[in-house]
Amino acid sequence: MNVVYKRPESLKDVKLHYCPGCGHSIVHKILASIIDELGIREQTVIVGPVGCSVLIYKYFECDGTESAHGRAQAVATGLKRAQPDKMVICYQGDGDLAAIGTSETIHAANRGENITVIFVNNAIYGMTGGQMAPTTLIGQKTKTSPFGRDSQMAGFPLKMCELLNQLQAPVYIERVSVHDVKHIIKTRKAIKKALTYQMEGRGYTFVEVLSMCPTNWGMSSVNSARWLQEYMTEYYRLGVIRDNGAGEDAK
Amino acid sequence: MGKKILMRGNEALCEGAIIAGCRFYFGYPITPQNEVPAYMAKRLPEVGGCFIQAESEIASINMIWGAACAGKRAMTSSSSPGISLMQEGISYLAGAELPAVIVNIVRGGPGLGNIAPSQADYFQATRGGGHGDYYTPVLAPASVEELTHMMVDAFDLADIYRTPVVVLGDGILGVMTEPLVLPEPSKRLVPPKDYVLDGAKNRAPRTVMSLRLTPPEALEQHNIKLMQKYREIQSKEVRHEEYMIDDAQLVIVSFGTSSRVCKASIQMARKEGLKVGMIRPQTLWPFPSGIISELAQSDRVRAFIDVEMNLGQMIDDVRLAVAGCKNVYFYGRTAGMLPDENELLEKIVEVSNECCLQKA
């Protein structure tokens, strides 16, 4: 029989705790299927964040560690320097990576650590109940921006890909989204490329994934996907921002 | 026995760490311990190790977490304000039971304080330091040689008990140059590292974490397990030095650099016929409460003087051990001012008179 669909072996057969319509489940499955495809499950260590995906190590058939809020890339630095032959993947949300962990993010990227960072940006703090994130859009209402994010008060949404693109060391930076099938396929390609570059020892790879948070956005799953498409991709432009590997491959 | 050499404390401790098998150092510059990262930057590559100047103390301690997950011996060093920044990470390491060695070359505080030698981080070091129910073993050297040797001990304790270990020096120990013999590599057995995250090959995946949400009693059970470990450390790993204690009627308790001043004052007091001795805790946690309690209960000992380079922190532990049996007096200078052997002698004479100590 021809198998057309199955659960990735790297994804444990357990119930995920994510809300209906949340993008994390999609990103988890993509990551697990790429780990399968590249045959790297037995050499992978996943570094989790603090945030909604804090329990990521429960869902993967891989070694995993927690990290203090924002410190995933410092932990990954220690892990990778100590065992350069292992695949080290950081999985972080917007509060973890772009607020409390901005410093660790910029410096790990700037050192060109040979790690892969999956940055799930849903423009809100999920686990703590819907507070403003550094990536919350202007005008977006959250628990801590009840009248909509006001740039006078709270500055502007941080574009992490563009920020990291100012650095010399990163080899691959791409922004993707999981709001529809077409973009899910692009996300798969991006994560696969990032992990392949790490396998090849090329250096720091960063994939920002725009993702839905229906619960804290106060929308249905369907409307969340629409809102993401309409507003988030307008501000956070999708696409490859840097791909140093592409030029080398063409040679 | 090895050759006698001359080394500065901050550099000698690095050699101690390397002899202990430490190959990973992550740190951020801060006075008065800047020779540590400078020495490690040069020395670690020679032994196949890895040095990173981190972007902050916060990053440093979390890089240690990563290297510890990989099963490697890793350390960081800093001085007081930097150690404050590391406390979150130390709490996480304690919770996740990861080994690590943290050297604190203490300077004056609070706040930015000054860059002079101090022992004012005693409370922070001996009470866990960060959030939650935990302790870390704290080693307190009093010479460059002891500092160097204690690095080997620190890495052993960290691996044996799977805990962060603090080596508490001060600005004098860090920058002072003294003769020493380097330590031998340890022969202590350390348990196999069955927590190492090196890829789930031919085994079930492993997880390193401090989060324990469910069932509701999970964290309490874990903390009770940690407490049992701490009790074991308290029963097996207390270290102290006794100095002229056999006939002492007045007992000084002092650690680290200040204990050296005490020795000078004790010698002066002895010349005047005063029977003074000293207990020098070499581990601040676990604290040598047993010997102090024993002395407090003896008829011979009349009183204690606690001497520190702060305004009285270890004195709490001394008083807990003495448990009201005898008076405990205090002499100390703080914030970079050093205890003076003559001032301490005056204190000794004053206490002797007050407690009617007999002259020999």
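## Basis

This is a predicted model: local features need pLDDT of at least 70, side-chain atom pairs count only at pLDDT 80 or more, and totals for chains, interfaces and linings use all residues. Residues are numbered from 1 along each chain as its sequence is written, while chains are lettered from A and ligands numbered from 1 in the order in which they are written.

## Helix α2 of chain A

Helix α2(A) spans residues 72-82. Helices (H or I, at least four residues) and strands (E, at least two) are DSSP runs, numbered from the N terminus. Of its 11 residues, 11 are buried, so α2(A) is largely enclosed by the rest of the structure. Buried means that 20 or more other C-beta atoms, placed from the backbone, lie within 10 Å of the residue's own. Among the buried residues are A:Lys80 and A:Arg81.

α2(A) packs against α4(A), residues 102-111, at an angle of about 35°. Their axes (lines fitted to C-alpha atoms over the stretch in contact, with angles from 0 to 180 degrees between N-to-C directions) are 7 Å apart. A:Gln73, A:Ala74, A:Ala76 and A:Thr77 meet A:Glu104, A:Thr105 and A:Ala108.

## Where the chains meet

Contact means C-beta atoms, placed from the backbone, within 7 Å. By this rule, 33 residues of chain B touch 29 residues of chain A. On the chain B side, α3(B) gives the largest share, 9 residues.

Strand β2(A), residues 63-65, pairs with β9(B) in the parallel sense over 2 bridges. Pairing requires at least two DSSP bridges between the strands. Here A:Thr65 stands opposite B:Val208.

Methods: Buried ≥ 20, exposed ≤ 12 C-beta atoms within 10 Å, placed from the backbone. Contact = placed C-beta atoms within 7 Å.
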